[in-house]
Amino acid sequence: MGFGACKAETPQTEVCATETLFPKIMSAPSTTVTASANCWNCSTATGDAHFCPSCGKIQPPRRGADYFAFFGLPRKLTVDLAALEQRFHSLSWKLHPDHFVRASESERQSSLDLSSQLNDAYRTLRDPLARVEYLLSLSGMRKEGQKKQQAPPELLEEVFELNESLDELRDARSSSGSEAQMQALRAKLEAAQHKFESSLADVDKELARVASDWDAALDAAAHEAARKNLMERMNEVLNRRSYIRNLVNGVRQELVTGD
Ligand SMILES: [Zn+2]
């Protein structure tokens with residue numbers, strides 16, 4: 001499971017889903033919502049299907065449906081990306097508003113609403129980090145910010161040193177320190193940056209491990225308490241990841257803009 005994939009694709013900008021707030025939890029527009037899982041046209045039970053299995057009519061968005069349910073997936077963190085992509089393309093085509101130009105007003109609205117939910121759901125689930133964040137948010141478990149400002153205990157010393165080096169660099173810059181001094185400080189910061197990048201890779205591995213524990217717990221129909229415990233662990237790992245990533249970005253910024 002490649003938790004670093006997003007980072008690799010977007011090295012400079014912060015569009016990686018860890019830092020951005022993933023799309024809001026799906027909430028269907030109130031006008032088209034129906035709580036029933038029966039076809040509005042022929043009353044056949046539709047389950048999570050977007051189209052009635054009997055008459056084929058498009059169904060309005062389901063109240064309380066989440067992104068996993070949207071794709072007919074269990075709330076697991078291991079997702080077959082090829083299958084997800086295929087399903088996305090197939091649904092994109094089927095739900096496309098062009099197919100509903102001559103349909104009723106409410107069917108046209110369903111097509112628009114579902115197409116928009118489809119895009120949000122796909123964007124979130126295809127990204128392993130956004131997927132974890134989303135899963136936690138569904139249970140109200142994502143508490144980013146609460147502990148965000150605290151350095152992870154095992155990194156306290158490094159963080160302290162890093163902040164010192166950053167201060168020194170800024171001081172040297174404002175008092176026009178010697179070129180040799182600046183170079184030494186920059187080298188120190190680069191070393192720290194690499195150190196934190198490797199911490200980030202470790203955190204990603206840890207997250208992948210907890211994620212696979214989570215899937216196993218679902219398979220084993222684990223108790224609520226066990227699942228809550230795993231979610232708390234994931235939340236903690238995500239906070240740590242976010243903290244370290246901010247550090248790495250801060251140093252990078254300082255090194256790039258510092259000249
Ligand atoms: Zn029907």
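Which helix does Arg227 lie in? Arg227 sits in helix H8, where helices (H or I, at least four residues) and strands (E, at least two) are DSSP runs numbered from the N terminus. The model is a predicted one, so to speak: local features need pLDDT of at least 70, side-chain atom pairs count only at pLDDT 80 or more, and totals for chains, interfaces and linings use all residues. Residue numbers start from 1 along each chain, following its sequence as written.

Staying with Arg227 for a moment, this residue is partly exposed, with 17 other C-beta atoms within 10 Å. On this scale a residue is buried if 20 or more other C-beta atoms lie within 10 Å of its own, exposed if 12 or fewer, and partly exposed in between, with C-beta atoms placed from the backbone. Ala217 is 10 residues away from Arg227 in sequence, and the two are 6.9 Å apart in space, C-alpha to C-alpha. Leaving aside neighbours within four places in sequence, Arg227 is in contact with Ala217 and Ala222; a contact here is a pair of residues whose C-beta atoms, placed from the backbone, lie within 7 Å.

Now for the whole chain. The protein chain has eight helices and zero strands. Of its 259 residues, 25% are buried. Among contacts with a separation of 6 or more, 67% join residues 24 or more positions apart.

The largest nonpolar core has 35 residues, and those touching the most other members are Tyr67, Leu118, Ala121, Val132, Leu207, Met234 and Leu247. A nonpolar core is a set of buried Ala, Val, Leu, Ile, Met, Phe, Trp, Tyr and Cys residues joined through C-beta atoms within 7 Å. Elements giving two or more residues to this core include helix H2 (67-70), helix H5 (128-138) and helix H7 (179-219). The biggest giver is H8, with nine residues. Domain 1 (5-138) and domain 2 (153-257) each supply at least three residues to this core, the domain bounds coming from an automatic or database domain assignment. One of the core residues named above, Leu247, touches Val159, Leu162 and Phe196, not counting residues up to four places away in sequence.

Two helix pairs show how the packing goes. H3 and H4 pack at about 165 degrees with their axes 10 Å apart; axes are lines fitted to C-alpha atoms, for helices over the stretch in contact, and angles run from 0 to 180 degrees between N-to-C directions. H3 and H4 are therefore roughly antiparallel, given that angles under 35 degrees count as roughly parallel, over 145 as roughly antiparallel, 65 to 115 as roughly perpendicular and the rest as oblique. In this pair, residues including Leu84, Phe88 and Leu91 of H3 meet residues of H4, among them Leu114, Leu118 and Tyr122.

H6 and H8 pack at about 20 degrees, with their axes 12 Å apart. That angle makes H6 roughly parallel to H8. Here Val159, Leu162, Leu166 and Leu169 in H6 meet Leu247, Val251 and Glu254 in H8.

Finally, a word on the loops. Most residues other than glycine have a negative phi. Ser43, in the loop between helix H1 (5-9) and H2, has a positive phi of about 70 degrees although it is not a glycine. Ser43 is exposed, with 12 other C-beta atoms within 10 Å. Ala221, in the loop between H7 and H8, also has a positive phi, near 50 degrees. Ala221 counts as exposed, with 8 C-beta neighbours inside 10 Å.

Methods: Contact = placed C-beta atoms within 7 Å.
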